[in-house]
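User: I'd like to go through the aromatic contacts in this one. Can you take a look?
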Amino acid sequence: MNRIDKKVRALRARRKKAFIAYITAGDPSLLMTGRIAMALEDAGVDILELGIPFSDPIADGPTIQEASGRALKGGVTLHKIFNMVKGLRKKSEMPIVFMTYYNPILRYGLSEFFKKCRDAGVDGVIVPDLPCEEASEVKRYARPNGIDTIFLAAPTSPSGRIRQIALSSRGFIYYVSLTGVTGARRDLAADIAPKIRFIKSITDKPVMVGFGVSNAKQAARVAGLADGVIVGSAIVKIIGAKKNILPAVSRFAGSIARAVHGG
Amino acid sequence: MVPDKRGYYNGFGGKFVPETVMAALSELEKAYADARASASFKKQLNYYLKEYAGRPTGLYFAERLTDKLRGARIYLKREDLLHTGAHKINNTIGQALLAVRMGKKKVIAETGAGQHGVATATVAALFGLKCEIFMGDEDIKRQAINVFKMRILGAKVTAVHSGSKTLKDAMNEAMRNWVTNVRDTYYVIGSVAGPHPYPMIVRDFQTVIGRETRRQAMEKIGSLPDCIVACVGGGSNAMGIFYSFLKDKVKLIGVEAAGLGLGTGHHAATLCRGSVGALHGSMSYILQDRDGQIGIAHSISAGLDYPGVGPEHAYLRDAGRVSYVAVTDKEALDGFRMLAELEGIMPALESSHAIAYAARLAKRLRRTKSIIVCLSGRGDKDIDIVRNVL
């Protein structure tokens with residue numbers, strides 16, 4: 001059993017929901033990414049989602065676009081990120097999931113990439129521009145290395161596709177809460193409850209919900225519907241503001257953790 | 001037959017897009033299949049191509065250019081004479097009719113040189129659709145006249161400030177907008193790029209160029225030409241003219257932008273110098289660095305300034321059916337000037353690349369040979385750039 005499954009099982013046993021935090025690797029530096037990751041774990045984050053910066057992030061709104069730009073300017077590469085994760089693994093058993101566009105890992109070589117994921121201690125991979133029907137190669141290399149392939153389901157996905165996505169996903173299913181790109185939003189989508197109910201009716205795999213979730217109130221609401229909540233842009237924004245990053249991230253993540261975990 | 005059912009051209013193509021738009025791509029595939037089988041759709045399309053856009057365009061023998069070069073006879077397929085000044089209108093009329101058929105009320109598009117933006121804004125006005133065009137800030141500066149035209153036509157022009165602020169980034173932003181508004185918005189992609197079924201749809205709407213050329217060649221040359229030369233950015237005019245000749249003994253040559261020179265790193269020669277990767281929804285050749293980050297293209301011509309290329313071109317390159325070469329900014333400007341001075345035709349800087357290469361090629365061939373150049377657009381939009389450098 002890998003770290004994601006273990007974590008999900010442990011949370012389920014305690015009837016708790018998962019809090020997944022996204023940060024862009026290398027923003028503002030890889031050293032800081034390591035520290036922020038530890039601060040997030042201490043604040044109650046269950047799973048860390050690490051964004052691999054890409055020059056052309058078509059599924060991301062301005063906040064994560066800018067973070068990726070800053071990271072790339074700082075010279076971050078996959079190779080360096082793997083080393084950072086290795087370092088983190090000496091201190092933490094928190095499950096780590098990569099969020100990466102397809103081209104960087106294609107260029108790295110899929111076989112080599114997934115081997116390195118295993119060696120460094122990465123547990124899963126989310127590729128936002130790789131729908132499940134294009135993923136046979138990725139699955140072929142991910143599975144033997146024990147790396148979970150996590151697919152996204154969207155509000156526009158018809159039921160047939162959702163079944164396919166549920167079948168292809170390992171670790172969890174990532175439900176995109178709204179029709180749009182990543183980024184903090186004031187309101188949650190209106191159809192979020194029935195959509196999550198539908199996915200849960202066809203699969204036992206955990207359903208984690210992200211995109212647009214940006215405060216404790218929204219997080220609590222989503223936690224009431226799904227198995228977990230993913231918060232990204234709201235955290236990345238705090239990092240981007242560059243003022244007392246660690247305490248500010250801890251405080252915010254703590255408030256989300258309390259909302260997700262309850263009591 | 002390419003593409004296959006999954007939108008692949010022997011390993012190139014596919015659908016590398018966010019899940020949110022996957023259903024919309026299926027909807028488009030279905031709507032397009034229906035439209036293609038519909039006699040009334042075909043009739044409507046032909047009507048607008050003829051009465052509105054000005055088809056057929058001529059196949060003109062460039063006699064003075066030929067005499068000057070003292071080699072093969074050069075013929076120009078005059079797409080520059082179409083309404084809005086370039087071949088782009090062939091595709092936007094088709095896609096706008098498709099959008100109307102699908103009940104969409106709003107269209108969006110990306111644009112580089114502004115030709116596709118103007119062509120989209122034009123058909124949006126014609127069919128009463130709301131229109132928003134995404135354009136890199138850098139391109140807005142160098143193609144100011146086209147920006148003004150789009151606004152006059154009632155389109156909203158949104159400046160894109162991310163990345164290199166050119167076509168690549170405009171396409172990113174259009175894609176993001178589509179992801180957000182996919183339920184009521186039709187995305188009019190301007191080249192044979194993007195996720196399936198776009199490369200196929202755009203190719204099909206552009207093949208009218210090749211079909212006419214074939215017929216006109218038989219009339220005017222008395223046979224098929226020996227060579228066909230077209231510029232390639234994303235590659236829509238090239239795909240449009242090549243497609244009808246793929247099975248013939250005709251040499252097909254795609255001309256990419258060598259920018260400041262292939263060795264300088266400042267070029268847009270994706271097929272000559274790129275490598276395989278996934279960008280903007282399809283697997284093709286792209287410009288990228290060691291880490292798979294997309295490279296910044298450079299060309300004096302905004303329409304060729306793109307680090308990707310349509311997947312069918314990638315397929316034709318690897319199959320050895322089409323040769324891809326590159327021409328520098330400077331050579332393109334020479335081509336521009338030569339055509340203006342000898343024929344009284346100012347070609348778009350994109351098309352000037354094809355002219356420059358055809359001139360080089362013609363010199364090596366006898367007068368019994370013939371070359372057809374796809375003159376994809378006219379150069380009015382480029383006057384400021386040309387004035388600054390000539």
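Analyst: One criterion to start with: a charge sits over a ring if NZ of Lys or CZ of Arg is within 6 Å of the ring centre and within 35 degrees of the ring normal. Note also that this is a predicted model.

User: Which residue lies over the face of B:Tyr60?
Analyst: That is B:Arg78, at 6.0 Å from the ring centre.

User: Ring pairs next. How many aromatic pairs are there over all chains?
Analyst: The search of the whole structure gives 18. One of them is A:Phe98 with A:Phe113, a tilted pair with 6.2 Å centre to centre and 35° between the planes.

User: Which parts of chain A does that pair tie together?
Analyst: A:Phe98 is in strand β3 (residues 96–99) and A:Phe113 is in helix α6 (residues 110–120), so the contact links parts 15 residues apart in sequence.

User: Is A:Phe98 buried or exposed? And A:Phe113, buried or exposed?
Analyst: A:Phe98 is buried, at 0% relative accessible area. A:Phe113 is buried too, with a value of 0%.

User: What about B:Trp178 and B:Tyr198, what kind of pair do they form?
Analyst: Edge-to-face, with 75° between the planes and 6.2 Å centre to centre. B:Trp178 belongs to helix α8 (residues 167–181) of chain B and B:Tyr198 to helix α9 (residues 198–206), so this pair connects parts 20 residues apart in sequence. B:Trp178 is buried at 3% relative accessible area, and B:Tyr198 is buried at 1%.

Conventions: Residues are numbered from 1 along each chain as its sequence is written. Chains are lettered from A and ligands numbered from 1 in the order in which they are written. This is a predicted model: local features need pLDDT of at least 70, side-chain atom pairs count only at pLDDT 80 or more; totals for chains, interfaces and linings use all residues. Side-chain values use heavy atoms; hydrogens and water are left out. Rings of Phe, Tyr and Trp (its six-membered ring) pair if their centres lie within 6.5 Å; planes under 30 degrees apart count as stacked, over 60 as edge-to-face and the rest as tilted. Helices (H or I, at least four residues) and strands (E, at least two) are DSSP runs, numbered from the N terminus. Buried means under 20% relative accessible area, exposed over 50%, partly exposed in between (1.4 Å probe, protein chains only).
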